[in-house]
Amino acid sequence: MQNGNYVNAEQVLPPQLLEQVRQYAAGKLLYVPRPQETIRPWGEGTGQRSYYQKRNQMLRNKYAYGVGISQLAREYYLSQETVKKIVYNRKAKENLPFYPHAVSAEQYSQAGLLEEWIHTYLLFERRNREFSEGLRRQPRQYTGPVAMPLSLFTRSSGPEEHMKWRVHPIVWEENVAVRQRCIRRQELLPPLIVNYGEGGFELNCGSPLYEALIREGIPYFPVIVWCSSETEQEEFAKKYLPSMVISV
């Protein structure tokens, strides 16, 4: 018979197995764990584990770029002691160093932290808080880095009058030249950041690098693609990913 949370073994075990159990644990209270494959890690079912992993990674990244403990505590509504425990944690599995290049973006992507890489890059390397905050206004879907043909894209900034973001010709040429030198030295470079929506692409971040790549005759380059809906992401994946290599 069942008593509270306990179940009489005679009701659930075959007689032969019951006799074997009696030999080792007659009259004892046993806990029978579920098969290992059915046990989920803490927070996996509710998304809490993923939330804290992403939050803590951003805390560590911002701290590494000089944001103070007290400011982080205010921004994330945490005590300073809690922030210290997070940012001082140097365990390899809990701390993924950030670098402003596509290899680092790939590592973040594999860890499920691609969005955290993007915001760290925009905030501290590009100093483009407006773009970062704009992406955060609603859920976005991110794919990448994926090597894509540059022929699919056009610049959104430059000295030309029709550009969405105008740049002084002298400043533009200096920026492109710097990136050309990086390419020639085979330095690690950041991925381009592109939006896919309404059936087309918009190059949001990396126009000087894009221009440098074109001038250097490079046909493919790592790209991070973001979409504003799952429908657009599915459309992008169906139309373009089968012929791409998700790799840097």
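Student: Where is Pro145 found?

Tutor: Pro145 sits in strand E3, residues 141-149. Helices (H or I, at least four residues) and strands (E, at least two) are DSSP runs, numbered from the N terminus. This is a predicted model, in which local features need pLDDT of at least 70 and side-chain atom pairs count only at pLDDT 80 or more, while totals for chains, interfaces and linings use all residues. Residues are numbered from 1 along each chain as its sequence is written, and side-chain values use heavy atoms, with hydrogens and water left out.

Student: Is Pro145 buried or exposed?

Tutor: Pro145 is buried, because its relative accessible area is 0%. Buried means under 20% relative accessible area, exposed over 50%, and partly exposed in between (1.4 Å probe, protein chains only).

Student: What joins Gly144 and Pro145?

Tutor: The peptide bond between Gly144 and Pro145 is cis, with omega about -5 degrees. Most residues other than glycine have a negative phi, and most peptide bonds are trans.

Student: Which residues other than glycine have a positive phi?

Tutor: Arg127 has a phi of about 55 degrees, and Gln186 has one near 60 degrees. Arg127 lies in the loop between H7 and H8, whereas Gln186 is in the loop between H9 and E6. Arg127 counts as exposed because its relative accessible area is 67%; Gln186 is exposed as well, at 70%.

Student: Changing topic: how many helices and strands are there in the protein?

Tutor: The protein has eleven helices and eight strands. Buried residues account for 39% of its 248 residues.

Student: Which residues touch the most other members of the largest nonpolar core?

Tutor: Met148 and Leu192 do, in a core of 24 residues. E3, helix H9 (169-184), strand E6 (192-197), helix H10 (207-215), strand E8 (220-227) and helix H11 (230-240) each supply at least two residues of this core. A nonpolar core is a set of buried Ala, Val, Leu, Ile, Met, Phe, Trp, Tyr and Cys residues joined through side-chain atoms within 4.5 Å.

Student: What does Leu192 touch?

Tutor: Leaving aside residues up to four places away in sequence, the contacts of Leu192 include Leu150, Leu203, Cys205, Leu209, Phe221 and Ile224. Contact means heavy atoms within 4.5 Å. Apart from this core lies another, of 17 residues, including Phe98, Tyr108, Leu113 and Leu122.

Student: How many disulfides does the count come to?

Tutor: The count is zero, a disulfide being a pair of cysteine sulfur atoms within 2.5 Å. Cys205 is buried, with a relative accessible area of 3%, and Cys182 is buried at 12%.

Student: Next, helix H8. Which of its residues are buried?

Tutor: In H8, residues 129-136, the buried residues are Phe131, Ser132, Gly134 and Leu135. They lie on the same side of H8, because they cover an arc of only 160 degrees around the axis; the arc is that of the directions from the helix axis to the C-beta atoms. An α-helix has 3.6 residues a turn, so residues three or four places apart point the same way.

Student: What do the buried residues pack against, and what does the other face carry?

Tutor: The buried residues of H8 pack against helix H7 (114-125), E3, E6, strand E7 (200-205) and E8. The face turned away from the buried side carries the exposed residues Arg129 and Glu130.

Student: How many aromatic pairs does the structure hold?

Tutor: It holds 14. Rings of Phe, Tyr and Trp (its six-membered ring) pair if their centres lie within 6.5 Å; planes under 30 degrees apart count as stacked, over 60 as edge-to-face and the rest as tilted. The rings of Tyr51 and Tyr52 are edge-to-face, because their centres are 5.1 Å apart and their planes stand at 70 degrees. Tyr51 is partly exposed at 46%, and Tyr52 is partly exposed at 31%.

Student: And why is the pair of Phe98 and Tyr108 edge-to-face?

Tutor: Their planes are at 85 degrees, with the ring centres 6.3 Å apart, so the pair is edge-to-face. Phe98 lies in the loop between helix H5 (80-87) and helix H6 (102-110) and Tyr108 in H6, so the pair ties together parts that are ten residues apart in sequence. Both Phe98 and Tyr108 are buried. With Tyr65, Trp117, Tyr121 and Phe124, they form one aromatic cluster.
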